[in-house]
Amino acid sequence: MIFHDFMAGWGWVILSLIAAVFLAGFYLVNQYLRQPGHILVFWVRVLVVIFLSPLISRLSLPTDWHFYAAVLLTVLVATFADIRTFNVSAKYGGGVVARVQPVTVWGAFLLWFLFDPQLITQYLSHPWNTAGILAALGGCVFFSMRLNKCQVTRAAMIEMAPALVGYTFTTVLNKYALSHATLESGVYSYMFVQSVFAAVIIGIYAMIRAKYYPVAGSTTGWVTKPMLAATLLATFTWICHMTYKNYAMAFTPNPSFQAALLLTAPVFISIFYHFARHKEEGDVKSGMGIVACALLLALMTVR
C-alpha cells in the first residue's frame with residue numbers, strides 16, 4: 001500500500017528518471033560498438049528471454065487477451081524501431097537520436113484520449129494544469145522548429161521518422177497492456193512476452209535479409225567479440241530501463257507524461273559526453289529546450 005501511494009505521487013517521476021539513465025546507455029551502446037541493428041536487436045531479445053525465464057516461471061502470466069494483443073502490436077512496431085535507432089545511433093551518435101524523441105510525446109498525448117476519453121474532463125476541471133501542459137507542448141513545437149535548422153539533427157530526424165512513429169504507438173500500447181495485468185506480472189511479462197515474439201520475428205527477418213540482401217562481410221557479424229559486447233551492454237540497459245519504465249507507466253495518468261520524463265536521457269548523455277570528452281555536433285541548446293518543455297509537461301500531472 002505504501003509503495004502504491006508513493007508511485008501514485010512522485011514515485012513514477014523518480015522511476016522514470018532512473019529509466020532515462022538506462023535509456024541513455026541504450027542509445028550510446030551502438031554509437032561506440034557500431035553493430036548491425038537487426039542482428040543486435042535479435043541477440044538482445046534472445047538474452048532477455050533467457051535472463052527473465054527463471055523469474056517468469058515464478059509469476060502468474062496475465063490471462064487477459066487484451067494484454068497479449070497489445071504486446072504483439074508493440075513487437076510489430078517497436079522492434080523495427082529499435083533496429084532503426086541502433087543504426088542511426090551508429091551513424092549520427094546517441095545524443096542526436098535521443099534529442100529527436102520528443103515528437104513521440106505529442107502523438108502519445110493525443111492518442112491516449114482514444115483509450116481514456118474521461119481524461120478530457122479531468123483536464124478541463126484543472127485549467128491551470130491544462131494551461132501548463134499546452135504551454136509545454138507549444139514549447140516542444142517551437143524548439144523542434146529550431147532543431148530542424150541543424151543539418152545533423154534534421155538528417156537524423158528524417159531517418160528516424162519510421163522509428164518515431166513506432167515509438168509513439170508503442171508508448172500508448174505499453175500503458176494499455178499494463179492496464180490489463182497485475183502490477184508485477186505485467187511489468188515482467190511485458191518484457192518477456194514481447195521479447196519472445198520479437199526474437200522469432202526479427203530472427204526470420206534477419207535470415208531473409210541475409211539471403212536476399214547480402215552485404216559483404218556481414219556473414220561474420222552474427223557472432224563476434226564486438227557483437228557480444230554490444231549485446232550484453234544493450235541487454236543490461238534495456239532490461240533495467242524497461243523495468244523502471246513499466247513500473248512508472250503503470251501509475252502514469254497519461255503515457256505521454258512518462259514518455260516525456262524519459263526525454264531527460266539527452267541530459268545524461270551530455271554528462272557522459274562531458275566526461276568522455278566527446279564533442280557534440282548537433283544543436284544541443286534546442287534539443288535541451290525540448291527536453292525542458294517535455295519535463296514540464298510531465299510535472300504538470302503531479303499535484
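**Close-up views of a predicted model**

**Figure 1. Crossing of helices H1 and H10.** In this predicted model, H1 and H10 cross with left-handed geometry. The axes of helix H1 (residues 2-33) and helix H10 (residues 225-250) come within 6 Å, and the crossing angle is roughly 165 degrees. Because angles over 145 degrees count as roughly antiparallel, H1 is assigned as roughly antiparallel to H10.

**Figure 2. Salt bridge between Arg45 and Asp82.** The closest N and O atoms of Arg45 and Asp82 are 3.5 Å apart, and the two residues form a salt bridge. Arg45 belongs to helix H2 (residues 37-56) and Asp82 to helix H3 (residues 65-92), so the pair ties together parts that are 37 residues apart in sequence. Arg45 counts as buried because its relative accessibility is 2%. Asp82 is likewise classed as buried, with a relative accessible area of 7%. Side chains of opposite charge can pair when their charged atoms come close.

**Figure 3. Salt bridge between Lys91 and Glu159.** A salt bridge joins Lys91 to Glu159, with 2.8 Å between the closest N and O atoms. This pair links distant parts of the chain, as Lys91 lies in helix H3 and Glu159 in helix H8 (residues 151-178), 68 residues apart. Lys91 has a relative accessibility of 54% and therefore counts as exposed. Glu159, by contrast, is partly exposed, its relative accessible area being 26%. The count of salt bridges in the model comes to 2.

Figure 4. Arg34 is placed in the loop between H1 and H2. The phi angle of Arg34 is near 50 degrees, a positive value in a residue other than glycine. Most residues other than glycine have a negative phi. With a relative accessible area of 52%, Arg34 is classed as exposed, since the exposed class begins over 50%.

**Figure 5. Nonpolar surface patch including Ile204.** Val200, Ile204, Met207, Ile208 and Tyr212 make a nonpolar surface patch of about 520 Å². Ile204, one of these residues, is found in helix H9 (residues 183-212). The relative accessibility of Ile204 is 44%, and this residue therefore counts as partly exposed.

Technical notes. Residues are numbered from 1 along each chain as its sequence is written. This is a predicted model: local features need pLDDT of at least 70, side-chain atom pairs count only at pLDDT 80 or more; totals for chains, interfaces and linings use all residues. Side-chain values use heavy atoms; hydrogens and water are left out. Patches are made of residues with over 30% relative accessible area and no salt bridge: like charges are joined within 9 Å, nonpolar side chains (Val, Leu, Ile, Met, Phe, Trp, Tyr) within 5 Å. Accessible areas come from the Shrake-Rupley method with a 1.4 Å probe; for residues, only the protein chains shown count as cover. A salt bridge is a side-chain nitrogen of Lys or Arg within 4 Å of a carboxyl oxygen of Asp or Glu. Helices (H or I, at least four residues) and strands (E, at least two) are DSSP runs, numbered from the N terminus. Buried means under 20% relative accessible area, exposed over 50%, partly exposed in between (1.4 Å probe, protein chains only). Axes are lines fitted to C-alpha atoms, for helices over the stretch in contact, and angles run from 0 to 180 degrees between N-to-C directions. Angles under 35 degrees count as roughly parallel, over 145 as roughly antiparallel, 65 to 115 as roughly perpendicular and the rest as oblique. A crossing is left-handed if the near helix is turned anticlockwise from the far one by less than a right angle, and right-handed if clockwise.
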